[in-house]
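User: I would like to go through some labels and the cut-offs behind them.

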Amino acid sequence: MHRQNLDGISEVLDLALDLGAQRLELANTQYYGWAVANQEALLPSPEQLRRAEEAVQRFRERVGPKVDVLWVLPDFYEHLPKPCMGGWGRTGMVVAPNGDVLPCHAASTIPGLEFANVREHPLEWIWSSSDAFARFRGTEWMQEPCRTCPLGRQEVDWGGCRCQALRLTGDAAATDPVCRFSGHHDRVVSARKSAQTDEFVYRTMKRPVRN
């Protein structure tokens, strides 16, 4: 879900009901890759989010447990970070087509990480001992304010998203700027205010010049 389709959330909910779905996840756009270039056109307004949450609540009250609806706010509208992937190297791994094993889908965007390959190492070793999985696992790697979090959330959100921290601060080990205690939280607040366009930046494929 994003700025351009969030106002149609009631139709999405009704479609799930018509299709006999038992569970519906209303996932908000994550701002990586090409979505970064279109963040201002994709990030919803506070009013849109309010209307969407109200629509979800009305649907839940009307349908009850027949359809389990998961609704999660976009990261940029949170004040505390989510535990990305359940915590780095804690609950999941991603095997790329070439056999490289990553702690999360976007981990390859972080410079300096070395990803072990499943053709060369067993998954058990990659999970427990490889550099990429050990780099941000646990809490020892954390900087301030995570290290001495005033809310004691070190083992709740595990510092938030490493890729998001890199994109917004230039440092993958920084506190996720979504956190209101982060010294970079103002960048998240500014992003909310600048989301006021409906114009997109499109990919273009350069065609070969024909002689």
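User: Where does Val118 lie?

Analyst: Val118 lies in the loop between strand E4 (101–102) and helix H5 (123–129). Helices (H or I, at least four residues) and strands (E, at least two) are DSSP runs, numbered from the N terminus. This is a predicted model, in which local features need pLDDT of at least 70 and side-chain atom pairs count only at pLDDT 80 or more, while totals for chains, interfaces and linings use all residues. Residues are numbered from 1 along each chain as its sequence is written, and side-chain values use heavy atoms, with hydrogens and water left out.

User: Why is Val118 called partly exposed?

Analyst: Buried means under 20% relative accessible area, exposed over 50%, and partly exposed in between (1.4 Å probe, protein chains only). Val118 has 35% relative accessibility, so it counts as partly exposed.

User: What makes Arg51 and Asp7 a salt bridge?

Analyst: The term requires a side-chain nitrogen of Lys or Arg within 4 Å of a carboxyl oxygen of Asp or Glu. The closest N and O atoms of Arg51 and Asp7 are 2.9 Å apart, so the pair qualifies. The pair links distant parts of the chain, 44 residues apart: Arg51 is in helix H4 (residues 46–63) and Asp7 in the segment before helix H1 (9–18).

User: Why is Asp7 called exposed?

Analyst: Its relative accessible area is 51%, so Asp7 is exposed. Arg51, at 34%, is partly exposed.

User: How do you know that Glu47 and Arg51 meet in a salt bridge?

Analyst: Their N to O distance is 3.6 Å, so the pair is within the 4 Å cut-off. Both residues lie in helix H4, four residues apart, about one turn of the helix.
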